[in-house]
Amino acid sequence: MSFDWKAFFEVMPQLLRAAVVTVEVSVLSLAFACLVAPPLAIARMIGPWPVRVLVGALVEVVRGIPPLVVIAFVYFALPAIGLVFDGFWTGVTALTVVGAVYAVEIVRSSIESLGRGQREAALALGFPLWRTYLELLLPQAMKRILPPLTNELANVIKASALLSVISVHEISQVGHSLIFETFVVVEIIIQMAILYLIIVGCLTVLSRALERRLAH
Amino acid sequence: MDPVFMLDVLARLLPPLGLTMALSLVALVLATPLGLGLGTLRTMLPDRHWGSWLLDAYVFFVRGTPILIQIFAVYFLLPAAGIRLPLFWMGVLALVFNSAGYQIEIGRAAINSVATAQWEAATALGFGRRQTLIDFIVPQAVRRMVGPVMNELSQLIKASSVLSIITLYELHKASEAIISASFRFVEVLIVEGFWYFSFVYALSLGAQLVEGRLSSAGGLAESR
């Protein structure tokens with residue numbers, strides 16, 4: 001069994017196009033997840049008790065079930081409540097939910113790991129509670145949030161492979177159907193792996209750079 | 001919502017839940033000694049050694065690609081190489097391949113987290129490198145591995161759902177089958193989620209208990 005370079009390059013255009021979809025889905029989900037996570041985390045810490053319980057339950061439940069189940073749920077639930085999205089946006093919604101709940105826990109634990117004095121000082125100076133969290137504690141926690149968050153965002157990129165089950169044309173779905181069309185196995189799997197390694201690698205490099213800037 | 005139907009599904013999903021449990025537990029039992037052992041070995045090897053290079057490449061691959069790709073690799077590449085395995089063992093193999101990669105990092109981090117003073121003290125007392133590692137460093141590091149390894153088990157349970165794609169009839173595949181036969185996705189997904197959540201949650205409670213025991217069981221002082 002020798003490596004078939006011809007087949008490797010023949011499937012490349014299709015897999016590259018699929019890689020673009022993977023990047024699009026991931027970037028959108030990551031952006032939305034990072035956007036909703038801090039307010040949800042703060043709501044979980046200092047919101048009125050029904051909000052606290054609700055957000056807490058959501059976070060615990062979604063973290064306790066496989067992403068595949070979340071994807072299935074979003075896939076069936078959105079149309080049931082009248083939101084008809086295509087596969088792409090269904091995927092973005094599902095991955096946003098998955099990414100956001102893990103990010104909420106990261107933000108919360110990072111804020112809680114700050115010294116109590118910060119919070120007490122701000123409250124003593126008359127800052128309202130939510131402004132204390134949003135404007136004083138959250139920025140300080142950023143340094144501690146970033147490394148675990150990067151890890152989690154990498155997980156979201158990897159979870160985007162699961163969107164193949166709701167026929168989003170991303171790397172895994174296209175690669176899988178190419179395997180059955182062409183019966184070229186080794187070359188396609190290696191190429192899929194390389195594409196993911198590059199995408200995840202880019203995220204890691206970006207966040208390292210950001211970490212260095214925050215450190216100064 | 002139909003409670004009678006849900007109770008029925010609850011019972012019908014029990015055998016697939018058993019398969020999910022078997023897959024993830026067997027995978028953990030195989031992957032933990034392998035991963036932690038290789039991780040410990042990695043701390044002993046110099047960075048330029050070919051073994052380090054190999055282990056780092058393996059970890060890089062496992063952590064940088066989705067588990068779906070690793071499952072495809074096992075599912076398609078093994079038969080292409082002439083190796084035929086029952087579906088269950090293919091699933092276990094994919095999970096072990098994935099989990100061992102993550103556990104190498106757990107083992108390595110735990111060993112490295114033991115204070116250098118421990119090494120220095122043992123060396124000063126005339127112990128060799130290997131004996132220091134086995135008799136002094138590993139016992140201290142093991143306590144720090146327990147939490148992450150239990151967490152890895154929850155990851156394995158969740159990852160095992162992806163094996164539904166290679167038609168392994170585990171909890172998620174079974175739920176999908178019931179959904180497509182009954183079209184009642186809300187009920188089925190809630191029951192499925194309930195099973196996964198209970199399994200994962202029970203484990204994390206158990207893990208906290210074990211960790212508490214280990215840290216309170218005296219003996220070695222926390223060294224930082």
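This is a predicted model: local features need pLDDT of at least 70, side-chain atom pairs count only at pLDDT 80 or more; totals for chains, interfaces and linings use all residues.
**The nonpolar core**

The largest nonpolar core has 119 residues, and among these A:V70, A:I71 and B:I71 touch the most other members. Helix 5 (residues 87-112) of chain A gives the most to this core, with 13 residues. Leaving aside neighbours within four places in sequence, B:I71 is in contact with B:A94, and also with B:V162, B:L163, B:I165 and B:I166.

**Helices 6 and 7 of chain B**

Two packed helices are described by the angle between their axes and the distance between the axes. For helix 6 (residues 116-124) and helix 7 (residues 129-160) of chain B, the angle is about 155° and the axes lie 10 Å apart. Because angles over 145 degrees count as roughly antiparallel, helix 6 of chain B and helix 7 of chain B are roughly antiparallel to each other. Helix 6 of chain B passes helix 7 of chain B in a right-handed crossing. The residues that meet in this pair are set out by helix in the table below.

| Helix of chain B | Residue range | Residues that meet the other helix |
|---|---|---|
| Helix 6 | residues 116-124 | B:Q118, B:W119, B:A122 and B:T123 |
| Helix 7 | residues 129-160 | B:T132, B:F136, B:I137 and B:Q140 |

By class, the contact of helix 6 of chain B with helix 7 of chain B has four nonpolar and four polar residues, and no charged residues.

**B:V59 in helix 3 of chain B**

B:V59 is found in helix 3 (residues 50-64) of chain B. B:V59 counts as buried because it has 21 C-beta neighbours inside 10 Å, where 20 or more are required. When its neighbours within four places in sequence are left aside, B:V59 is in contact with B:G101, B:I104 and B:E105. B:L17 is 42 residues apart from B:V59 along the chain, and the C-alpha atoms of these two residues are separated by 30 Å.

Conventions
Residues are numbered from 1 along each chain as its sequence is written. Chains are lettered from A and ligands numbered from 1 in the order in which they are written. Helices (H or I, at least four residues) and strands (E, at least two) are DSSP runs, numbered from the N terminus. A residue is buried if 20 or more other C-beta atoms lie within 10 Å of its own, exposed if 12 or fewer, and partly exposed in between; C-beta atoms are placed from the backbone. Two residues are in contact if their C-beta atoms, placed from the backbone, lie within 7 Å. Axes are lines fitted to C-alpha atoms, for helices over the stretch in contact, and angles run from 0 to 180 degrees between N-to-C directions. Angles under 35 degrees count as roughly parallel, over 145 as roughly antiparallel, 65 to 115 as roughly perpendicular and the rest as oblique. A crossing is left-handed if the near helix is turned anticlockwise from the far one by less than a right angle, and right-handed if clockwise. Ala, Val, Leu, Ile, Met, Phe, Trp, Tyr, Cys and Pro count as nonpolar, Asp, Glu, Lys and Arg as charged, and the others, Gly among them, as polar. A nonpolar core is a set of buried Ala, Val, Leu, Ile, Met, Phe, Trp, Tyr and Cys residues joined through C-beta atoms within 7 Å.
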